[in-house]
Amino acid sequence: MGNFEYAPAPESKAIADIKKDYGLFINGRFVASNSKKHFETINPANEEVLAKISLADEVDIDKAVKAARSAYVKVWSRMSGRERAKYLFRIARLLQERAREFAVVETLDNGKPIRETRDTDIPLSAAHFFYHAGWADKLEFAGFGARPKAHGVVAQIIPWNFPLLMLAWKIAPALATGNTVVLKPAETTPLTALLFAEVCQQADLPVGVVNLITGDGGTGAALVKHRDIDKVAFTGSTEVGKLIARSVADSNTPATLELGGKGANIVFEDAPLDQAVEGIINGIFFNQGHVCCAGSRLLLQENIYDEFLGKLQKRMSKIRLGDPLDKNTDIGAINSAAQLSKIHELSSSGQAEGADIWSAPCQIPSKGFWFAPTIFTGVTQAHRIAREEIFGPVLSVLTFRTPQEAIEKANNTPFGLSAGVWTDKGSRILWAGNHLKAGVIWANTFNKFDPASPFGGYKESGWGREGGRHGLGAYLKGAK
Amino acid sequence: MSALNLIDGSEASLRRFLQTLPGVDQIGAQERAAMLGTRSIKTTSKKWAIDRAISMIDLTTLEGADTAGKVRSLCSKALRPDPQDATVPHVGAVCVYSDMVGIARNHLDSIGGQDIPVAAVATAFPSGRASRKVKLQDSRDAISLGASEIDMVIDRGAFLSGQLGEVFDEIRAIKEICGDKVHLKVILETGELVTLDNVRKASYLAMLAGADFIKTSTGKVTPAATAPVVLVMLEAVRDFFEISQIRIGVKPAGGIRSTKDAIKQLVLANEIAGPHWLTPELFRIGASALLNDLLMQRMKLSTGRYSSVNYVTVD
C-alpha cells in the first residue's frame, strides 16, 4: 500500500537578501563599529555562517544614545501623536508586505520552523505595530492623566527566542508613546532587527528615532549603564534580569523586566482530553520550548494519568522534527550550542535525580543543534527539572490529587509568568484563575498572544507588563 | 474490551457509557484541524495522495432526476476515471439510491467492474423520517439488488431528543440485515447534530451498534464534512480501536470538491487515526465533482500544464 510520506516542501531562501556583513544602525544609517570587531551569526540548523555582525562598544553606544536624544528633543517629542501613528502604521504595513522575507530570515537565523515564523512571529509583530499605532493619538484617554509624557530615550534589550516579535513588543509601544529607542538584539539572532532597520528607512522614520546596536552581553551591560538613558526594558533570563535590576538601582532608572518562567499546565479529570494533549504539546514544544511562558510543568490529575500520558506520547511520536524551512516541520533547531548544552545538562540532572526520561522517536540531523521532544515522568517538586527553567523541548510531568493540591504545586515556584487550566467546568476555571499566581492564565488553550492583552510575571518572572493599556504605562512618566 | 462490556443495549447503559467520554473543546479542535490544513503536500507525495484519493471516492449520484442512463454513465466513469490513462485507479465504490442499485451492479459487471462495490443510501435517506419497517425494507431491497454497502442515516430526531436506545436499536437492526457480507456505513448528519460533543457521542453510538464505517453527512445539509468534524470522528475510531481492537472506517462526504480539500482529508486521517486508515477499506470520500478536479491535478503533475475542463469527462 505504501505510506503517506510528505515530500520535502521547503520555503525558498531566494527571497532573503542577507548581506555578508552588517554595521550598526545609528541615526538612520548603517555605520561601522568603533572597535571594528565582528562576530558571526550562524544558522543553527546546519551551523553555516549567515553574516558578519558588528560588535558595538561604549563609543558606539554613546553615539546611538546621542542620536536617540537628538531625535527625541528635535523631532519626536514635538511631533503630534497623530503624526507618530502614521509612521507606526507604515511600519506595520511594510512588515506585512515583506512578511515572507522576514519569516525566511527569522527561520534561518533562529532555527524555528517556517510555519511558526510565517503564522505567528511575523503576523503578530505587524499586529503590535498596528495596535500601538492606534494608541499614539489617544494617550490622554488611556488613564494615565490628561497629558501623559514620554520618558525620552529608552534602552531595550531583547532575547533570541522571538527576535522580531520581541523587537515589536519593545519598539511599537515606545514609539507610540513618544520615546526614542536604542535597541540591542540578541547576539545569536540579530538579522531580523537589521532587516527592520531597512523598514525604518523605507518608512521614512525620522533619523535617530530607532537605533539598533549589535553585540554580546558586554554591549548590553554597557547600554543599560549609559547615563543618558531614561528607561530600560529587558526581556531575557532571570539571571541577566537581576544584573540589570542592580545596575538600574544605582541610577533609579525605571525598568521593565520580562524574565523566565516555569509555567504549570494543569489538566483536570474532566478536561477535553484530545484538545488538552494539543495544548500541552503547544505549551512546551512550540518554538522548541524556547518560550519564557512555556507550560514546562504538566500537572496531571492522578486518576487520568495513564490514559493521558498514553495519548501524549502517541501525539509526540507524530511531531515532525527537521529542516526549519520545510513547511511541514513542527519542531526546528535549538538556537545555539550553548543553549543545547544547557538543555543537556538539566536533562541529565533529571535522570540523575531519578526521573524517567522518554523522547519522541525523531531522526536527529547530523549537523546543527537539535533536541528531540522529551518528557520526564516521576518528577516531584524536589527535582531540579521541576524548578529550573530548561528553555528547551523538555516537559516535566507531575501529578496531583485534588484541585487545591494542583494550585499549591503550580504556585510553588520562584517564577510566576504563565499557567494553563484544562477543564470543562467553567466555575473551576474561574476559581483556579483567582488562586494561581501567574501573570497570564490560559483556560483550555495555551500560548495565545494578542497585542491588546498585557503580558508579564509575578515574582522572579519580572517587573511590569507589556502590551495592552498596561504596557503603555511602562513607557509614560509617572504611570505604573 | 472492559469499557464495551458495560453496554447491554439499554438506554441507561448507553447513556452511562457516553457520559464517560471526554468533552470536545470546539476552539481547540478547530485549531488542530486548521494547523493540519497547512501541511504542504507536494511532488511525489501529492501524486501518491491523488491516486489514493481517487481509489477512496464513493462516486455518488443522489438526485431525484437520476435515470438508468445517468447511473450507467457514472459507473463507466467509476471504472475508468480517465479514458486516456489506464494507470488511473478505479474509484472505491459507486453510491446511488436503492432503486438504482440493480442498474449500477449490472452495468459495472458488464464492463469489467466486478471489483467495484455498489453502495446504496437507505433508511429513508436523507431525512430518515419513516417507520422502522420502511427503513428495513429499503435496506433489504438494496441488498437484494446487489448492494454490498449500505449507507444508512441515523434518526437525528431521536438522538437530539435523548432516545439513544432508539438510535442504537435501529443501527443494530440494519446491521443484522447487512450481516457479515454487506458493509454498513452510518451517516451521522453532523450538520444537524451541530456540536462536536454530539459528533463524538453519535460516532460511539454507531460504532457500538455495529457500524463498519461512520460517515459525516448526506450531502443534503450544510455544513457537511468540515475538518473539525472529521477530526473528531477520526479520534473516535482511533480511540475505539484502543478499547476494542476493531478498526472502523470513516467517510467524509459533502462539500469536498477540490484536490486540496481531498488531500487535507488524507492528512487528517494520516495524522489523527494513523496510516492504517489510508486505504479504501477504512477511508472513503463521498463526492461527485471531486473526481474531475483530482484528474486535472493528476494531468498537471504529469504534463506540467493545466488542461481545460474538456479534457476530463462529464458524467
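A:Ile375 stands opposite A:Leu395 in strand β15 of chain A. The model is predicted.

- Chain A has an open sheet of 7 strands with mixed pairing, in the order β13-β14-β15-β12-β11-β16-β17.
- The edges of this sheet are β13 (356–359) and β17 (440–443) of chain A, each of which pairs on one side only.
- From one strand to the next, the twist averages 20 degrees.
- In general, the strands of a sheet pair through backbone hydrogen bonds, either parallel or antiparallel.

**Strand β15 and its partners**

- Strand β14 (residues 374–377) of chain A runs parallel to strand β15 (residues 394–400) of chain A, and 3 bridges join them.
- A:Thr374 has A:Val394 in β15(A) as its bridge partner.
- β12(A) also runs parallel to β15(A), and 5 bridges join these two strands.
- A:Leu298 stands opposite A:Val397 in β15(A).
- β15(A) is mostly covered, with 7 of its 7 residues buried.
- A:Val394, A:Ser396, A:Leu398 and A:Phe400 point one way from β15(A), while A:Leu395, A:Val397 and A:Thr399 point the other way.

- Helix α10 (residues 305–316) of chain A lies across β11 (264–267), β12 (297–301), β13, β14 and β15 of chain A.
- The helix α10 of chain A runs at about 140 degrees to β12(A).

**Nonpolar cores**

- The largest nonpolar core has 155 residues, and A:Leu88, A:Val181, A:Val182 and A:Ile266 touch the most other members.
- Helix α5 (residues 163–176) of chain A gives this core its largest share, 11 residues.
- At least three residues of the core come from each of domain 1 (21–259 + 459–473) and domain 2 (264–443) of chain A.
- Leaving aside neighbours within four places in sequence, A:Leu88 is in contact with A:Phe129, A:His132, A:Ala133, A:Ala136, A:Ala172, A:Leu175 and A:Ala176.
- In soluble globular proteins, nonpolar side chains tend to be buried together.

**Contact between chains A and B**

- In chain A, 22 residues are in contact with 25 residues of chain B.
- Helix α9 (residues 273–285) of chain A supplies the largest share of the side of chain A that touches chain B, 5 residues.
- By class, that side of chain A has 8 nonpolar, 7 polar and 7 charged residues.

**A glycine in chain B**

- B:Gly286 is in strand β8 (residues 285–287) of chain B.
- B:Gly286 counts as buried because 32 other C-beta atoms lie within 10 Å, and the cut-off for buried is 20 or more.
- Not counting residues up to four places away in sequence, B:Gly286 touches B:Asp58, B:Thr60, B:Cys95, B:Lys215, B:Gly219, B:Lys251, B:Pro252, B:Ala253 and B:Gly254.
- B:Gly286 and B:Ile27 are 259 residues apart along the chain, and their C-alpha atoms are separated by 26 Å.

Notes:
Residues are numbered from 1 along each chain as its sequence is written. Chains are lettered from A and ligands numbered from 1 in the order in which they are written. This is a predicted model: local features need pLDDT of at least 70, side-chain atom pairs count only at pLDDT 80 or more; totals for chains, interfaces and linings use all residues. Two strands pair if DSSP finds at least two bridges between them. Helices (H or I, at least four residues) and strands (E, at least two) are DSSP runs, numbered from the N terminus. Axes are lines fitted to C-alpha atoms, for helices over the stretch in contact, and angles run from 0 to 180 degrees between N-to-C directions. Two residues are in contact if their C-beta atoms, placed from the backbone, lie within 7 Å. Ala, Val, Leu, Ile, Met, Phe, Trp, Tyr, Cys and Pro count as nonpolar, Asp, Glu, Lys and Arg as charged, and the others, Gly among them, as polar. A nonpolar core is a set of buried Ala, Val, Leu, Ile, Met, Phe, Trp, Tyr and Cys residues joined through C-beta atoms within 7 Å. A residue is buried if 20 or more other C-beta atoms lie within 10 Å of its own, exposed if 12 or fewer, and partly exposed in between; C-beta atoms are placed from the backbone. Domain bounds come from an automatic or database domain assignment.
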